[in-house]
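Subject: Structure handover and side-chain contacts

Dear colleague,

Please find the structure below, together with its sequence.

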Amino acid sequence: MRTIKRIDTPVDQLPGRGIRRFVGRDSALSSEEMTVGTALYADEFGPMEPHNHAEETVYILSAERAWVRWGPAPDDLTERIDLEPGVVINTPALEWHVFEWEPGGHIELLFIYGQVDSIRPEDMEDER
């Protein structure tokens, strides 16, 4: 068994969010099978762009004045739900979505991918 503490993992600042990499490739605990970490969406990281990637499950740890939108294309995200702690979201592979918040709001979530490849928009751009 391997363990780490959240506080001991650095925040990696990516466009629109800061992530802590717990398990996976280039993470505190190496794995070639899965990816787990947390993401913080807040003003300090700037807005997130609509994106798609591998199938993902997230668990909302904390949210204030925040929501997620999704749909068939980056300019057609007509579905929306407001976020609150305890919400679980499963996003199918390649479904367009974006996390958003009002100024001063935020979202903190636990993310889980059943793989280590093509899991973030930045990864997919690097592979093209």
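The side chains of Asp117 and Arg25 form a salt bridge, with 2.5 Å from N to O (the term requires a side-chain nitrogen of Lys or Arg within 4 Å of a carboxyl oxygen of Asp or Glu). Asp117 belongs to the loop between S8 and helix H1 (121-127), and Arg25 to the loop between strand S2 (17-24) and strand S3 (29-30), so the contact ties together parts 92 residues apart in sequence. Helices (H or I, at least four residues) and strands (E, at least two) are DSSP runs, numbered from the N terminus. Asp117 is partly exposed, at 38% relative accessible area, and Arg25 is likewise partly exposed, at 33%. Here buried means under 20% relative accessible area, exposed over 50%, and partly exposed in between, with a 1.4 Å probe and protein chains only.

Please note that this is a predicted model, in which local features need pLDDT of at least 70 and side-chain atom pairs count only at pLDDT 80 or more, whereas totals for chains, interfaces and linings use all residues. Residues are numbered from 1 along each chain as its sequence is written, and side-chain values use heavy atoms, with hydrogens and water left out.

The structure holds eight salt bridges. One of them joins Arg6 and Glu108, at 2.6 Å from N to O. This pair links distant parts of the chain, 102 residues apart: Arg6 is in the segment before strand S1 (12-14), and Glu108 is in strand S8 (residues 96-113). Arg6 is partly exposed at 41% relative accessibility, whereas Glu108 is buried at 18%.

Arg80 and Asp82 form another salt bridge, at 2.9 Å from N to O. Shared partners also join Arg25, Glu32 and Asp117 into one network of salt bridges.

Tyr41 is in strand S4 (residues 35-42) and Phe99 in strand S8, so the contact ties together parts 58 residues apart in sequence. Both Tyr41 and Phe99 are buried. Tyr41 and Trp101 form a tilted pair, at 6.4 Å centre to centre and 55° between the planes. Tyr41, Phe99 and Trp101 form one aromatic cluster.

Yours sincerely

Key: Rings of Phe, Tyr and Trp (its six-membered ring) pair if their centres lie within 6.5 Å; planes under 30 degrees apart count as stacked, over 60 as edge-to-face and the rest as tilted.
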